[in-house]
Amino acid sequence: MKVKIYVEGGGEANALRTRCRQGFSSFFERAGFRGRMPAVTACGSRNDTYDSFCTAVAIAGTNDFPLMLVDSEAAVNHAPWIHLNQRDGWNRPSKATDDQAHLMVQCMEAWFLADRDQLMRFFGQGFTTNPLPSNPNVEEVAKAEMFQALKTATRQCRTKGEYDKGRHSFELLAGLDPAKVRAASVHADR
């Protein structure tokens, strides 16, 4: 079985898409998939990710299993396809199953909150955990609150500077402890 994960992220620039693919691949390898690694395709925007996934499902052979991984952008109270339909108007492709849509709740940065040790290692001197939300359920932290907390926590960082999604996110992702992320996020564990 060939698993290919279509992930949201990487924008329009090839260099950023490469870093996105490498970050997710490193994270999945650290999660124990070495030897049976899924292929990762960085698709850019949410809509481009959905479109790429739908195309992959439509042309998938019997040994192909495409998955989609996108930010939920909001709290999730339903199964992924129901959430995506209600929030984005996306329908589950007729050939897709319920277990082919996966969500980073409420965005990938929630996973960073699950591994504060990685944040401290990555940002180094000047990083402070005080502004980070104390809620151990990282999925309950609103996206806007999360970004503001990361910017505030990194404001005094000398080597990396203030958190910037394009510059920092995929390198941070690559170094996360998947066990910590899975423990803090039901959807990551799924």
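Leaving aside neighbours within four places in sequence, glutamine 118 is in contact with Glu171, Leu172, Gly175 and Leu176. This residue belongs to helix H5, and glutamine 118 is buried, with a relative accessible area of 7%. The model described here is predicted.

**Helix H5 against helix H7**

- Helix H5 spans residues 116-123 and helix H7 spans residues 165-175; their axes come within 10 Å and cross at roughly 125°.
- The crossing of H5 past H7 is right-handed.
- On the H5 side the contact is made by Gln118, Leu119, Arg121, Phe122 and Phe123, and on the H7 side by His168, Glu171, Leu172 and Gly175.
- Sorted by type, the residues of this contact between H5 and H7 are four nonpolar, three polar and two charged.

**Helix H1 against helix H7**

- Helix H7 also packs with helix H1 (residues 14-33): the two axes come within 7 Å and cross at roughly 20°.
- Angles under 35 degrees count as roughly parallel, and H1 and H7 are therefore roughly parallel to each other.
- H1 passes H7 in a crossing that is left-handed.
- H1 contributes Leu16, Arg19, Cys20, Gly23, Phe24, Ser26, Phe27 and Arg30 to the contact, while H7 contributes Gly166, Arg167, Phe170, Leu173, Ala174 and Gly175.
- The contact of H1 with H7 holds seven nonpolar, four polar and three charged residues.
- Gly175 of H7 takes part in the contact with H5 and in the contact with H1.

**Salt bridges around lysine 180**

- The count of salt bridges in the model comes to 16.
- One of them joins lysine 180 to aspartate 115, with the closest N and O atoms 3.5 Å apart.
- Lysine 180 lies in helix H8 (residues 178-184) and aspartate 115 in the loop between helix H4 (109-114) and H5, so this pair ties together parts that are 65 residues apart in sequence.
- Aspartate 115 is buried, at a relative accessible area of 0%, whereas lysine 180 counts as partly exposed at 30% relative accessibility.
- Lysine 180 also forms a salt bridge with aspartate 117, and here the closest N and O atoms are 2.7 Å apart.
- Aspartate 117 is in helix H5 and lysine 180 in helix H8, so the pair ties together parts that are 63 residues apart in sequence.
- Aspartate 117 counts as partly exposed, with 36% relative accessibility.

**A salt-bridge network**

- Salt bridges link Glu8, Arg46, Glu73, Arg87, Asp88 and Lys143 in a network.
- Within this group, aspartate 88 forms a salt bridge with arginine 87, and the closest N and O atoms are 2.6 Å apart.
- Both of these residues are partly exposed: aspartate 88 has a relative accessible area of 24%, and arginine 87 has one of 39%.
- Glutamate 73, another member of the network, is buried, with a relative accessible area of 19%.
- Glutamate 73 sits in the loop between strand E3 (64-71) and helix H3 (80-88).

**Tyrosine 6 in strand E1**

- Tyrosine 6 is placed in strand E1 (residues 2-7).
- Tyrosine 6 has a relative accessible area of 10% and is buried.
- Not counting residues up to four places away in sequence, tyrosine 6 touches Thr41, Cys43, Thr49, Ser52, Phe53, Ala56, Pro66, Leu67, Met68 and Leu69.
- Valine 40 is 34 residues from tyrosine 6 in sequence, yet the two are 6.2 Å apart in space, C-alpha to C-alpha.

**Backbone details**

- Valine 105 and glutamine 106 are joined by a cis peptide bond, with omega about -10°.
- Glutamine 106 is in the loop between strand E4 (101-104) and H4.
- Glutamate 73 is not a glycine, although its phi is positive, at about 70°.

Conventions: Residues are numbered from 1 along each chain as its sequence is written. This is a predicted model: local features need pLDDT of at least 70, side-chain atom pairs count only at pLDDT 80 or more; totals for chains, interfaces and linings use all residues. Side-chain values use heavy atoms; hydrogens and water are left out. Axes are lines fitted to C-alpha atoms, for helices over the stretch in contact, and angles run from 0 to 180 degrees between N-to-C directions. Helices (H or I, at least four residues) and strands (E, at least two) are DSSP runs, numbered from the N terminus. A crossing is left-handed if the near helix is turned anticlockwise from the far one by less than a right angle, and right-handed if clockwise. Contact means heavy atoms within 4.5 Å. Ala, Val, Leu, Ile, Met, Phe, Trp, Tyr, Cys and Pro count as nonpolar, Asp, Glu, Lys and Arg as charged, and the others, Gly among them, as polar. Buried means under 20% relative accessible area, exposed over 50%, partly exposed in between (1.4 Å probe, protein chains only). A salt bridge is a side-chain nitrogen of Lys or Arg within 4 Å of a carboxyl oxygen of Asp or Glu. Angles under 35 degrees count as roughly parallel, over 145 as roughly antiparallel, 65 to 115 as roughly perpendicular and the rest as oblique.
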